[in-house]
Amino acid sequence: MKLTLNKFYVKDIQFAQKSAFADGILYVDKKELAEYLMEDPNIQSVDFDIARPGESVRIIPIKDVIQPRYKQSGTGQIFPGFVGDVETVGNGQTNVLEDCCVATSGKIVAFQEGIIDMCGLGATYNSFSKMNILVPLIYPVEGLDKHTHEATVRVAGLKTAAYMAKQTLNQNPDASETYEHESILEMGAKYKDLPKVVYVDMVQCQGLMHDTYVYGLNVKGILSTMIGPLEVLDGAIISGNCAAPGHKNATIHHECNPVIMELLKRHGKDLCFVGVLLNNESAMLTEKKRAAYYTSNLSQLLGADGMIITEEGGGNPETDLMLNCRFHEKKGIKTVLITDEYCGRDGASQGLADVTPEADAVVTNGNGNQFVVLPKMDRVIGDVETVKIITGGNANSIGQDGSLSVEIAAIMGSCCEMGYEHMTTRLR
Amino acid sequence: MKKIVHYLNQFYGQLGGEEKADLKPILKEGPVGPGMALAEVLGQEAAIAATVICGDNYFADHQDEALAEILDMIAPYEPDMVIAGPGFNAGRYGLACGAVCSAAKEKFHIPVLTALYPENPGAEMYHKPVYILKTAISATGMRKIIPVMGKFALKLLKGEEVGFPEEEGYIPQGYRVNVHTVQNGAERGVDMLVKKLRGEHFVTELPMPVFDRVPPAPPVKDLTKAKIAMVTSGGIVPKGNPDHIESANASRYGIYDITGLDDLTGDAFMTVHGGYDPVYATEDPDRVLPLDAMRQIEKEGGIGELYNYYYATVGNTTAVSSAKKFATEIAQDMLRKGIQAAILTSN
Amino acid sequence: MNRKGVNSVAVFRCITNNPMILNSGIPQVEYHETDVLSLFRLIQPEIDKGYALLSHPLTGSIRPDITPYKTVLLSAQKAKADQQSLQLIDRAIRYAEDLYSLREKPLYLMWDDQAKKDFQYVDLSIIRQAMEVEQIR
């Protein structure tokens, strides 16, 4: 398969009479976009706001972050199962708005959280602060149950992202990158001497606010399976996880999966990137074991020499991570785990909820318990009320000067366990 | 010119060897022994105003009093820093170095520093509150460590930013901190995997806790016919401590006769463990080593036979390597004597 | 493991501190009015007795110091103490203890009634989904 990503760099977002993309500026016709979103009868009303890098703006709470992409050519359409039909994606050309994202806001539950600060200390903890952000504020109809509310906001965010990227259709991109990924048999013959690497993308599926979708299907109950890396880049995997902002895998993390991007980059050079396995993270122990055994079996069928395994969330997913590690290592397949940790304020606690002696190669994306003091922002987009209680924050921790003491676990994507950000933990 | 007070034991303080280990703390003006070489490295930026010398045994056996005396000796100098050692692998000395530094830090709110071999029990105990530079196992490492100590001391004195253990040479204190990186986590992960697949050296970013896997022995088939022995790390020994087992960081264990005894009394037995208030154990040593209960069970036929000797040591800050050594030897002896199970008590 | 790999209707014990579970139609509910860490400590001796964990004691994306509620499923039958269950409950207790000590007052004590209701609802959703997938009633 071959997929070309056409990159359009966004310098600014502005509301306008007519939606368009020109000279790096994305113009958004609020009315038209609102009409598009309100095709869903569950939405009472929508509003939009814009946050720009460097502004004294805080977006809170945030449900999902999505990168605008839209297929210029090839089969299917972006976000299959939601925006696109369930047809296979991952080929042809996909237009991407770089330096830009959608951040859906609004409370599905009273403890909804997730911060993006566009300047100050908080901005140094994720890449989103350097992007031009469109924030759809989705107000659902009265009496909507939570599952439907979550689905409504989820789809609205995806549609917004697709709508934005659609404005670039038929235009010349600023840059282009083409990725090739042969069939397994082809690459086996082509790259005989390169180590065969498989990526296990563990996806959460535990219930409300803890779900993931593949081609529109909730992955609960699935047996571990395979997916083409290029399909993932076209939004085949969507986040339904609205808790744990610091280390959940938002939709943008799936679309830009940094492990897939790095493996594609090195494919055919110092490794042979065989493919991506999906392993679901269930709440039940038998499920966890079955999934890990099944994944390790698939790895063996694929002839893997080594695995990169990423997880989503903390707590019980660490058991999935360790089971996968152990079962693979016992089969002689070498593993590297990518995770994050909660090792306390001073970094002295044991940071993982589960461990196994076979896990001798682990990458960490930071300690989520680190406390930071975030300066007061001039403007808050979203729900001001939420600032009262978030991970690490509470009404008492708002300083006299309006500053907020929070754990970085409250900052969107700060410790992303796919390795999207540039942070690690070191021992002093 | 910054002022430092230096702590040394009787040996490095040039007052004698083991025979002087009971020396109470004494104060000398200026640097002594290794302090002289240290003073040279410190140059014009800091001086060792005084040296406190204390016998290792005195410190071990009277820690609270010794610390109070030592801190009182240090106080009038109003030092900017306290340095202890280097102690290499000397256990009692290492514990003293750590304790003095930790106490000085708490009392005077000044930077402190010592240098020990990583397996020194003093390092195990004090690496969290105190910067402990890594030394070689013996004093042959003196030449190498003194300049490192001097440089690091100056850094602490000037309030400069302290780097990571790999750069500065101190024993990791156990605090994990977030740092920004050039490569993202995914890039680092793939790099790590490629190295691992090639059999090349790589460093995990998140080490697993050490797993001490001891497979349990199968259960005793019939306790009523079994020969059972008692072992204690609670320090119960015959009165007079005939084997001179230390009250902390024990370097030995003893095997003691309890033939014909149904009960331990304070006349014939004592505790030498320095880590708990001895009053109740002195009143009735059975509280730590339950001979009375075992004899009762033996009489009632609950066990086949109680072995007529028991094994004792002191577990107070005893090095893991020492404990392993004792345990191996004791276990071998037990096997030779046909013992099938043991009761181990601590305190 | 009392199900021997067959997805038959299984009986389980439902240990919870979530009041919403009481009216949910889930059977065999053992309700305790306590916090999550204390619930784990109640569960530990049960595992020592030989009841195995069916569900993981920790939630995937909500920390035990943040949510006031957790429901854990144990096997209804006793067997030899399950090694994995012993390890998991032990580790879950340590994990929760460390997170509880992060602040003077852990976050789970700070929520208002609406937030508490929402946490109850999410916990219920998680248990329902878990049971649905395992086909246990």
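This is a predicted model: local features need pLDDT of at least 70, side-chain atom pairs count only at pLDDT 80 or more; totals for chains, interfaces and linings use all residues.
One of the paired positions is A:Thr424, whose bridge partner in S7(B) is B:Val179.

## The chain B side of the contact with chain A

The contact involves 32 residues of chain B and 45 residues of chain A. Two elements of chain B each give two or more residues to the side that touches chain A: strand S7 (176–180) and helix H8 (185–198). H8(B) gives the most, with 11 residues.

## The chain C side of the contact with chain A

Chain A also meets chain C. Here 35 residues come from chain C and 39 residues from chain A. The elements of chain C that give two or more residues to this side are both helices: H3 (83–100) and H4 (113–134). H4(C) supplies the largest share, 13 residues.

On the side of chain C that touches chain A, 19 residues are nonpolar. The rest divide into nine polar and seven charged residues.

## Elements at the two contacts

On chain B, a strand and a helix give two or more residues to the side that touches chain A. The leading contributors are H8(B) for chain B and H4(C) for chain C.

Methods
Residues are numbered from 1 along each chain as its sequence is written. Chains are lettered from A and ligands numbered from 1 in the order in which they are written. Two residues are in contact if their C-beta atoms, placed from the backbone, lie within 7 Å. Helices (H or I, at least four residues) and strands (E, at least two) are DSSP runs, numbered from the N terminus. Two strands pair if DSSP finds at least two bridges between them. Ala, Val, Leu, Ile, Met, Phe, Trp, Tyr, Cys and Pro count as nonpolar, Asp, Glu, Lys and Arg as charged, and the others, Gly among them, as polar.
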